[in-house]
Amino acid sequence: MPLCYNNLVLDSHLKDLRAEHLSGSWTDNFFFNLTMDYISIQKQGLITILQFNRPEKKNAITSGMYAILADTMQEATEDRGVSCLLFTGWADFFTSGNDIADFLNRPESRENMPVKRFLQQLAIFPKPMLASVTGLAVGVGTTLLFHCDWVVAGDNATFAMPFINLGLCPEAASTLLAPQIIGHHFAAEAMFWGEPMSASWAHHCGLVNRVVPSAEADELALKMAKKLTEKSPEALMETKRLLKASQRELVLARMLEEGEVFERLLKTDSSRAIFANFLNKKTVV
Ligand code: COA
């Protein structure tokens, strides 16, 4: 019998086989799992799990994927059946960040571009957001974590913000949030050099709450999320609102400012040459 969620018609039997790497506990109480445009949306009780699911491209995020993430978050905001969100990826990679081919083919910037809508949702989403990071978290894979309320890293996790290596500037208000959350020196180290940083580095500087063996990260994240579903949703949302209140407008303003610079840099010949080089098999990270 098809189910309806987020305006999508789902077939509850269409469990995507690619979700099977998730540990037993994720699937034991399986409610539904839909994969479309490389994002798996799994609903487990009051938890919505958003899984990057484009393994053949190391989970690089396309405009279509941003649209699904933004739409799901927007609808989850009003949905009383959602208490919290959990971002996750695959065992060896969380995400390799924005799809670089999309950078080359990006249309003129618009207010309602999917990437902008997603970043804005990160800033305004009113319910707890958790993340389980195993393997590579590149670009927005790392900057989205500055918006999360709780993050677990597998011991194989690496974090990289190679924006400058691509001739770009950081986004997602990370130029504001990174110095606040991890401190200026760690932020500058990660952003200026753009090199992959280890899970222990991320724990030491306060980017992640816990580091566990990578096979246990999803399970711990789900356990923490489940605990939140037993608490008053209103009390949680009010507490999150108060924790973030002094920052909200600043974050949105910084996203706009970064966005303008980013769009300008994206069009330079030097950046476009770097994107083309990458697509011709030269690595960035
Ligand atoms: N955008 C588009 N395609 C990407 C991608 C990205 N961000 N990251 C990986 N891919 C693609 C590769 O082009 C390759 O595609 P192909 O098999 O069709 O040639 C495939 O995913 C596998 O990637 P590959 O580079 O072969 O894997 P690797 O293990 O050697 O390296 C990374 C993995 C993530 C270190 C490397 O792919 C990389 O540096 N990616 C770019 C990361 C980045 O700069 N993101 C943007 C941040 S703003």
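The legends below describe several close-up views of a predicted model.

**Figure 1. Overview of the predicted protein, with its twelve helices and 13 strands.** The protein has 285 residues, of which 42% count as buried.

**Figure 2. Ser-96 in the loop between β7 (93–95) and α3 (100–104).** Although Ser-96 belongs to a loop, this residue is buried, because 25 other C-beta atoms lie within 10 Å and the cut-off for a buried residue is 20 or more. Leaving aside residues up to four places away in sequence, Ser-96 touches Lys-58, Asn-59, Ala-60, Leu-136 and Val-138. Lys-58 is 38 residues apart from Ser-96 along the chain, yet their C-alpha atoms are separated by 5.6 Å.

**Figure 3. Asn-59 in the loop between β5 (47–52) and α2.** Asn-59 is also a loop residue, and it is buried, since 27 other C-beta atoms are found within 10 Å. Not counting residues up to four places away in sequence, the residues that Asn-59 touches are Phe-52, Arg-54, Gly-89, Trp-90, Phe-93, Phe-94, Thr-95 and Ser-96. Between Asn-59 and Ile-39, which are 20 residues apart in sequence, the distance from C-alpha to C-alpha is 9.1 Å.

**Figure 4. Helix α2, residues 63–78.** This helix of 16 residues reaches 24 Å from its first C-alpha to its last, which is close to the 22 Å expected at 1.5 Å a residue. The buried residues of α2 are Met-65, Tyr-66, Ile-68, Leu-69, Ala-70, Thr-72, Met-73 and Ala-76.

**Figure 5. Strand β8 (residues 129–133) and the strands that pair with it.** Strand β8 is mostly covered, for five of its five residues are buried. In a regular strand the side chains alternate between the two faces of the sheet. In β8 both faces are covered, with Met-129, Ala-131 and Val-133 buried on one side and Leu-130 and Ser-132 buried on the other. Strand β6 (residues 84–88) pairs with β8 in the parallel sense over four bridges, and Leu-85 stands opposite Met-129. Strand β10 (residues 150–154) likewise pairs with β8 in the parallel sense over four bridges, and here Trp-150 is the bridge partner of Leu-130.

**Figure 6. An open sheet of four strands, in the order β7-β9-β11-β12.** The pairing in this sheet is mixed, and its edge strands are β7 and β12 (197–198), each of which pairs on one side only. Two bridges join β7 to strand β9 (residues 136–138), and these two strands pair in the parallel sense. Leu-136 in β9 is the bridge partner of Phe-93; Leu-136 is also one of the residues that Ser-96 touches, while Phe-93 is among those that Asn-59 touches.

**Figure 7. The crossing of helix α6 (residues 174–182) and helix α11 (residues 248–266).** The axes of the two helices come within 8 Å and cross at roughly 125°, and α6 and α11 are therefore oblique to each other. Thr-175, Leu-176 and Leu-177 in α6 meet Leu-250, Val-251, Arg-254 and Glu-258 in α11. The residues of this contact divide into four nonpolar, one polar and two charged.

Definitions and conventions:
Residues are numbered from 1 along each chain as its sequence is written. This is a predicted model: local features need pLDDT of at least 70, side-chain atom pairs count only at pLDDT 80 or more; totals for chains, interfaces and linings use all residues. A residue is buried if 20 or more other C-beta atoms lie within 10 Å of its own, exposed if 12 or fewer, and partly exposed in between; C-beta atoms are placed from the backbone. Two residues are in contact if their C-beta atoms, placed from the backbone, lie within 7 Å. Axes are lines fitted to C-alpha atoms, for helices over the stretch in contact, and angles run from 0 to 180 degrees between N-to-C directions. Angles under 35 degrees count as roughly parallel, over 145 as roughly antiparallel, 65 to 115 as roughly perpendicular and the rest as oblique. Ala, Val, Leu, Ile, Met, Phe, Trp, Tyr, Cys and Pro count as nonpolar, Asp, Glu, Lys and Arg as charged, and the others, Gly among them, as polar. Two strands pair if DSSP finds at least two bridges between them. The expected span of a helix is 1.5 Å times one less than its number of residues.
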